[in-house]
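These are my notes from a first look at a structure that was new to me. I began with the terms, then the whole chain, then single residues.

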Amino acid sequence: METEVFDYFSALYSNADLTAPFDRAAALLRAGELVAFPTETVYGLGANALDPAAVTKIYQAKGRPSDNPLIVHIANETMAEDLAEIPPLAKELMAAFWPGPLTLVLPAKPCLPRVTTGGLSTVGLRMPAHSAAIRLIEAAGLPIAAPSANLSGRPSPTSAGHVLHDMRGKIPLIIDGGEAAAGLESTVLDLTSAVPAILRPGVITAADLVEFIPGLTEETRLPHGGVARAPGMKYRHYAPKARVVLCDQTDIYPTYKAAWRQFAAQGNSHPKIAVLATLNGLTGLAEAENCFLLGENLPQVAQNLFTALRWTDEINADLVLAERFPETGLGIAIMNRLNKAAANEPKPPTDKQGEQHD
Ligand code: TXA
Ligand code: MG
């Protein structure tokens, strides 16, 4: 299959007709095909959420286990009401954070096929803050089930190029909406448990939500005693081919030198040691090859992180050294992804859903 890439912003800024391309994308979705599209977090791999055969194609294209639920993307609150029971707290959160990077897990209505919810009786709903995504949902007139548009286990795609790399030949259309603004996937908040819990940290933090949910932290415990988790928060995920080692900012340079000596002792006199860090973290490495500047603040680090992880594969790195960040605010979501890339996260004792890929 030929994969077409539609350049949304070029069309938008040249005042070209947008109706025809979005009608075509909508027709593909209605015909049960997959369309990748931009959101403010990462790119999604979309299918008609109400069509089990179409949704099955998502799992096949990604190589993802079929019991890992998909987020359903909607363009307005009426669509949300058609798909899920909306308690008053959810209404408040929707008013405050939608469109935006917050997925709400709610009781699903029977119209949603179980393949979409990974067999669960709940559904994760999200209204993305990207005009191309909203246009697509509105043109199709359908809720769109969409996981991140990466091959399972790979870093989520933050550009159309990333999607093309993973999905070329597997899907008919990618809508190119530029670099994803946030760069990390949405915060997943479970409103179906007795105590609301963040299943996946993201750009919207517990500190942002606590005004609506007193006492909420990223570490809110579930009644069964385990740390709250989305089924898809896999053990080793976002993982580049090379080993990833996390270093405190001031340890990067000494670790780099030690690693270099170790490779040399093993007969590799010119190892490719990729360093992913802020400007301060790169201190001492001005002459070093294969450094990737993640940015100067946490939002920039979040935006660039997956591009950086993918780049380490492109250069065939022998080892990846990545800066460790303080686990507060956005640093929590960044470290969640980095720990998975480094496979540092201990297996939780009570992960009832098993270990699966996003
Ligand atoms: O930002 C995002 O959320 C992106 C864009 C495309 O919207 N989507 C995304 O989807 O990251 P995905 O499938 O890669 O990750 C969805 C996460 C998984 O960890 C999944 O287990 C969890 O959300 N999830 C979805 N529905 C759920 C449910 N009903 N209960 C618990 N967790 C759920
Ligand atoms: Mg994913």
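Before placing any residue I settled the terms: helices are DSSP runs of H or I with at least four residues, strands are runs of E with at least two, and both are numbered from the N terminus. I also noted that this is a predicted model.

**Entry 1: a cis peptide bond**

I looked up P99 and found it in the loop between α5 (88-97) and β5 (102-107). The peptide bond that joins W98 and P99 is cis, with omega at about -10 degrees.

**Entry 2: the whole chain**

I then stepped back to the protein chain and its secondary structure, which comes to eleven helices and 14 strands. The radius of gyration is 20 Å, close to the 21 Å that the globule rule gives for 358 residues, so the chain is as compact as a globular protein of that length. Along the principal axes, the C-alpha atoms fill a box of roughly 60 × 50 × 35 Å.

I looked up burial next and noted that 57% of the 358 residues are buried. The accessible surface of the chain comes to about 14500 Å², and carbon and sulfur atoms account for 53% of this surface.

For contacts between residues at least 6 apart in sequence, I read that 70% join residues at least 24 apart. For charge, I noted 29 positive and 38 negative side chains, with the centres of the two sets 7 Å apart.

**Entry 3: two asparagines with positive phi**

I looked up N15 and found a positive phi of about 60 degrees, although N15 is not a glycine. N290 also is not a glycine and has a positive phi, at about 65 degrees.

Where do they sit? N15 is in the loop between α1 (8-13) and α2 (19-30). N290 is in the loop between β12 (273-278) and β13 (291-295).

Is N290 buried or exposed? Its relative accessibility is 19%, and buried means under 20%, so N290 counts as buried. N15 has a relative accessible area of 71%, and exposed means over 50%, so N15 is exposed.

**Entry 4: S186**

I found S186 in the loop between β8 (173-176) and β9 (187-190). With a relative accessible area of 2%, S186 is buried.

Which side chain makes a polar contact with the side chain of S186? I found that of T103, at 2.8 Å. Leaving out residues up to four places away in sequence, S186 touches several others, including I71, P101, L102, R126, R200 and R337. T103 itself is also on that list of contacts.

**Entry 5: H73**

I placed H73 in strand β4 (residues 71-73). Its relative accessibility is 3%, so H73 counts as buried.

A polar atom of the H73 side chain lies 3.3 Å from the backbone oxygen of I71. Not counting residues up to four places away in sequence, H73 touches F37, R126, P128, I137, P143, I144 and A146.

**Entry 6: E81**

I found E81 in helix α4 (residues 77-83). E81 has a relative accessibility of 34%, which lies between the 20% and 50% limits, so E81 counts as partly exposed.

What does E81 touch, not counting residues up to four places away in sequence? I noted I86, K91 and K109. E81 and K109 are 28 residues apart in sequence, with 8.9 Å between their C-alpha atoms.

Technical notes:
Residues numbered from 1 in each chain as written. Chains lettered and ligands numbered in written order. Predicted model: local features only at pLDDT ≥ 70, side-chain atom pairs only at ≥ 80, totals over all residues. Heavy atoms only, no water. Rg over C-alpha atoms; globule rule 2.2 N^0.38 Å. Buried < 20%, exposed > 50% of the residue type's maximum accessible area, 1.4 Å probe, protein only. Contact = heavy atoms within 4.5 Å. Areas by Shrake-Rupley, 256 points an atom, 1.4 Å probe, with all protein chains shown as cover. Lys, Arg positive; Asp, Glu negative; His and termini not counted. Charge placed at Lys NZ, Arg CZ, Asp CG, Glu CD. Polar contact = N/O pair within 3.5 Å; in protein donor to acceptor, adjacent residues only side chain to side chain.
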